[in-house]
Amino acid sequence: MYPLGEAVERAHTHPVARAPSVSTMAKPYDVHDRFYRKAKAQGLRARSAFKIDELAERMGVVKPGIAVLDLGAAPGGWLQVLARRVGPSGLVVGVDLVPIKPLALPQVKLLQADVTSPGFAAQLAALTPTKLDLVTSDMAPKTCGIRATDEARSLELCGIALRCAQDHLRPGGAFITKVFMGGDFKVFERQVRARFASIKIMRPEATRAHSFEVYLTARGFQPASA
Ligand SMILES: C[S@@+](CC[C@H](N)C(=O)[O-])C[C@H]1O[C@@H](n2cnc3c(N)ncnc32)[C@H](O)[C@@H]1O
């Protein structure tokens with residue numbers, strides 16, 4: 001179904017999976033669960049691909065020809081799903097701190113960058129000359145095991161993702177971001193609500209049972225000047 005490169009055993013390299021006993025954001029789990037096996041069988045680079053597939057299906061916003069920015073895209077599971085859904089007439093820009101093995105698809109552009117760095121906005125602007133229809137973020141910080149710190153880092157990345165959405169979305173565009181419940185989650189939720197017509201919190205089936213993560217999905221972007 002996805003002849004787009006080999007499945008990478010992402011579950012082994014994810015920081016939470018490597019050290020479940022020291023993280024308070026997730027409990028130990030079976031790294032070889034059914035989504036992992038399904039991802040491997042389908043040539044998907046990460047089991048998290050099933051999360052974006054479900055979110056896209058439920059939101060109905062990922063259509064052929066649209067332009068998407070995917071933040072925290074390595075190793076590329078979401079990219080594979082998004083690229084298939086937007087098709088060759090669409091665009092998916094994948095950004096990550098770490099290199100992403102290229103996908104041989106004309107609609108996919110890759111950028112290795114730290115979204116927290118001062119030069120990031122300019123780097124991104126050079127790659128996305130047109131207004132985007134959707135910004136997604138599955139970014140996750142390196143966890144240190146102190147829950148308040150991990151939540152704060154996660155929210156910092158969410159804030160950057162929201163800023164990218166505000167800078168690059170067309171009016172009416174959509175936004176999806178992973179966020180850890182807790183900390184200032186409610187504050188972030190209010191910030192998103194202020195700029196989008198509707199928001200929903202979703203927890204895709206592929207989410208690990210004990211994970212605190214949810215996905216905040218928003219539609220109907222309203223630019224400040226609109
Ligand atoms: C859970 S993984 C994403 C998996 C991806 N959605 C997939 O399906 O393959 C989270 C990613 O966020 C990235 N990330 C964390 N902090 C970042 C930052 N400051 N800038 C860019 N990427 C970042 C990590 O490098 C990591 O690859």
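How do the residues of the shell around the ligand divide into nonpolar, polar and charged? They divide into 14 nonpolar, 5 polar and 4 charged. Here Ala, Val, Leu, Ile, Met, Phe, Trp, Tyr, Cys and Pro count as nonpolar, Asp, Glu, Lys and Arg as charged, and the others, Gly among them, as polar.

Before I go on, two notes. This is a predicted model, where local features need pLDDT of at least 70, side-chain atom pairs count only at pLDDT 80 or more, and totals for chains, interfaces and linings use all residues. Residues are numbered from 1 along each chain as its sequence is written.

Back to the ligand. It is surrounded by 23 residues, and the closest are Ala46, Gly72, Ala74, Gly77 and Asp138; a residue is near a molecule if its C-beta atom, placed from the backbone, lies within 6 Å of it. Helix H5 (77–86) and strand S2 (91–96) each give the shell at least two residues.

Now the protein as a whole. It has 8 helices and 7 strands, taken as DSSP runs numbered from the N terminus (helices H or I, at least four residues; strands E, at least two). Of its 226 residues, 41% count as buried. Buried is 20 or more other C-beta atoms within 10 Å of the residue's own, exposed is 12 or fewer, and partly exposed is in between, with C-beta atoms placed from the backbone.

Next, strand S5, residues 169–180. S5 is largely enclosed by the rest of the structure, because 9 of its 12 residues are buried. Strand S4 (residues 132–137) pairs with S5 in the parallel sense over 5 bridges, and strand S7 (residues 213–221) pairs with S5 in the antiparallel sense over 6 bridges. Pairing takes at least two bridges found by DSSP. Serine 137 is opposite threonine 177 of S5, while phenylalanine 175 has alanine 218 in S7 as its bridge partner.

Alanine 148 belongs to helix H7 (residues 147–168). Alanine 148 is exposed, because 10 other C-beta atoms lie within 10 Å. From alanine 148 to glycine 182 is 34 residues in sequence and 8.3 Å in space, C-alpha to C-alpha.

Last, valine 95, in strand S2. Why is valine 95 buried? Because 25 other C-beta atoms lie within 10 Å. Leaving aside neighbours within four places in sequence, its contacts (C-beta atoms, placed from the backbone, within 7 Å) are Asp70, Leu71, Ala73, Leu111, Ala113 and Val115. Leucine 110 is 15 residues from valine 95 along the chain, with 6.0 Å between their C-alpha atoms.

Terms used:
Two residues are in contact if their C-beta atoms, placed from the backbone, lie within 7 Å.
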